[in-house]
Amino acid sequence: MKKILLNECKCRFSACSENESLARTIAVSFVSQASPTISQLADVKCAVSEAVTNSIVHGYADNPAGVIEMDFRRYDENFVTITIRDKGVGIPDIDAARQPLFTTDVTGERSGMGFAIMESLMDKVQVRSTVGKGTTVTLSIKLGVPT
Amino acid sequence: MNQKVMEGSDVRCELVGGQLHIAITGEIDHHNARSLRAKIDEKLYFYRPKLALLDVSEVSFMDSSGLGLILGRFTLTRELGGELRVINPSDSVGRILDLAGTSRLITIEKKEVKNHEENPAQ
């Protein structure tokens, strides 16, 4: 059955790390319309933070000239999708990148748990990426207390 | 929910009886982790504690950058000859620690840390 789109919000911001908390704040504000529990709100906040951080750290290698777009959609029955899109370097092997503990970082300061956490917290995580073109991550979750 | 709109982070370090108490407040993300790391590592190198207690009870948000920060400090403390334990994670922070199976590597304790011994609770 096709879901009915009730509300949509699009935003774009620079790929600087200050905007990680901005992205979380926007996500919390939008998703609050879909009757989330406090724990679901925390989950969305964390998943968005992971995806945006990936775009900044990996997609754009901390270059604030990069642009990240977020597209929030709220459907009926408290179903929400959040799309995080960058035009960065892309991911050569998505399956490898989604493995827990996978990281390209050599400083030992990144846990490699970003995708694993997104997958644990969301109902569905869709990743599309083209090397040299960018990466799009779509997070989907049904919010609210199950009836 | 008592939530600030834009929250930074800070860290307090205090040496108590040979143990280094490190209390992080606020949010730990990739942005904040850099300065937190620098502040904590400075104290770890200076004191080289046998036991470092990382109090995260006042951490309101943490993502995998927080995991990286904790794992990195655990590794550094061990390299300096000591042990680092994580104290009092909130439910949301505990959930992220659990997802990563952190407790297989690091001791996570729930306990009272006395910060105000001169002013005990009534």
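Among contacts in chain B between residues at least 6 apart in sequence, 68% join residues at least 24 apart; two residues are in contact if their C-beta atoms, placed from the backbone, lie within 7 Å. This is a predicted model, in which local features need pLDDT of at least 70, side-chain atom pairs count only at pLDDT 80 or more, and totals for chains, interfaces and linings use all residues. Residues are numbered from 1 along each chain as its sequence is written, while chains are lettered from A and ligands numbered from 1 in the order in which they are written. For the complex, the predictor gives an ipTM of 0.90 and a pTM of 0.89.

**Chain B: fold and confidence**

- Chain B contains three helices and five strands, where helices (H or I, at least four residues) and strands (E, at least two) are DSSP runs numbered from the N terminus.
- Read from the N terminus, the elements of chain B follow the order β-β-α-β-α-β-α-β.
- Of the 122 residues of chain B, 38% count as buried; a residue is buried if 20 or more other C-beta atoms lie within 10 Å of its own, exposed if 12 or fewer, and partly exposed in between, with C-beta atoms placed from the backbone.
- Chain B has a mean pLDDT of 88, and 85% of its residues reach 70 or more; pLDDT is the predictor's confidence in each residue, from 0 to 100.
- The pLDDT is below 50 over residues 1-5 of chain B, a stretch with two contacts in the model beyond near neighbours in sequence.

**Chain A: sheet**

- Five strands of chain A form an open sheet in the order β1-β2-β3-β5-β4, with antiparallel pairing; two strands pair if DSSP finds at least two bridges between them.
- Because β1 and β4 (124-130) of chain A stand at the edges with a single partner strand each, one side of each is left without a neighbour in the sheet.
- From one strand to the next, the twist averages 10°; axes are lines fitted to C-alpha atoms, for helices over the stretch in contact, and angles run from 0 to 180 degrees between N-to-C directions.
- Strand β4(A) is joined by seven bridges to the antiparallel β5 (residues 134-142) of chain A, and A:K124 has A:S140 in β5(A) as its bridge partner.

**Chain A: helix α1**

- Helix α1(A) packs on the sheet, touching β1, β2 and β3 of chain A, and its direction makes about 170° with that of β1(A).
- The buried residues of α1(A) include A:E20, A:R24 and A:F30.
- Their cover includes β1 (5-14), α2 (38-59), β2 (67-75) and β3 (79-86) of chain A, together with β2 (19-28) and α1 (30-47) of chain B.

**Interface**

- The contact takes 21 residues from chain B and 21 residues from chain A.
- On the side of chain B that touches chain A, α1, α2 (64-79) and α3 (91-99) of chain B each supply at least two residues, and α2(B) gives the largest share, seven residues.

**Positive phi values**

- Most residues other than glycine have a negative phi.
- A:E77, in the loop between β2 and β3 of chain A, has a positive phi near 60°.
- A:E77 is partly exposed, with 13 other C-beta atoms within 10 Å.
- B:N88, in the loop between β4 (83-87) and α3 of chain B, has a positive phi near 55°.
- B:N88 counts as buried because it has 20 C-beta neighbours inside 10 Å.
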